[in-house]
Amino acid sequence: MGIFDEVKKRVTAYDAVSHYGIKINNKGMCCCPFHDDKNPSMKVDSRYHCFGCGADGDAIDFVSNYFGLPVIKAAKKINEDFNLGIAFKNFSGNDIKSEEQLRLEREQCISREVERAFDIMRRDAINILSKYHSLLWYWRKEYGPSEGDADWHPFFVESLEKLEFINELLDDLIFGDREKQLEIMEIYGEEIKAIGERIKNFN
Ligand SMILES: [Zn+2]
């Protein structure tokens, strides 16, 4: 297991956010430190996600963004601040690195980059689905049938059909494990893009 995985396994975003002095309420929400946030709009769990500015990530991302550190230094900081005792000798510069160590380090950095690229895609999908979700809510309220209506408005019907499902997708994309997130993007990625195009025209 890589150093990043080891750190993430032992320290959640929740642990990091509260450790560095940000108050989390009993609904797992806190004021987002990455934008001017008056009401708690950041959800914190194994990962964090801000519904205001879209800030999103795991414990290492949080420490990296909060303290303005490269991810490896952020992982090191967590290791020290939480007394994890993970050996970071590969990165300390004191030990002479073997070819094998260097190769492993490079691999870890690459997989981290791939993960970041995926997270950007995932964040876009979350933004689209959140907007669509609010739209469906609005349609349900605004286009509900009145007594004597022969036909239901198509927007109302759409909200009946889709709201629950979109809610579940959002939940899994934000808080599901990596495998679940990958699965969703693979199955629904194109459709989510199409929804994004479609709802551009609605306000
Ligand atoms: Zn925010």
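Is D56 buried or exposed, and what is its relative accessible area?

Mentor: D56 is buried, with a relative accessible area of 6%; buried means under 20%, exposed over 50% and partly exposed in between, with a 1.4 Å probe and protein chains only. This is a predicted model, in which local features need pLDDT of at least 70 and side-chain atom pairs count only at pLDDT 80 or more, whereas totals for chains, interfaces and linings use all residues. Residues are numbered from 1 along each chain as its sequence is written, and side-chain values use heavy atoms, with hydrogens and water left out.

D56 belongs to strand β4, residues 56-57. Strands (E, at least two residues) and helices (H or I, at least four) are DSSP runs numbered from the N terminus. The side chain of D56 forms a polar contact of 2.7 Å with that of H49. Such a contact is a pair of N or O atoms within 3.5 Å; within protein, one must be able to donate a hydrogen and the other to accept it, and residues adjacent in sequence count only if both atoms are side-chain atoms. Leaving aside residues up to four places away in sequence, D56 touches R47, Y48, H49, D119, R122, R123 and I126, where contact means heavy atoms within 4.5 Å.

R47 leads on to the largest pocket. R47, together with K8, S46, D58 and R178, lies nearest the centre of this pocket, which has 15 lining residues. A pocket is defined on a 1 Å grid over the protein atoms alone, as an open set of points where a 1.4 Å probe fits, with protein on both sides within 12 Å along at least five of seven lines; lining residues have an atom within 4 Å of a point. The lining of the largest pocket comprises 8 charged, 4 polar and 3 nonpolar residues. Helix α1 gives the most to this lining, with 3 residues, and both α1 and α8 (178-199) supply at least two.

Helix α1 spans residues 3-10, and its residues I3, F4, E6 and V7 are buried. These four lie on the same side of α1 because they cover an arc of only 165 degrees around the axis, the arc being that of the directions from the helix axis to the C-beta atoms.

In helix α8 one finds E183, which is partly exposed at a relative accessible area of 39%. The C-alpha atoms of E183 and L173 are 9.6 Å apart, with the two residues 10 places apart along the chain.

Methods. Nonpolar A, V, L, I, M, F, W, Y, C, P; charged D, E, K, R; others polar.
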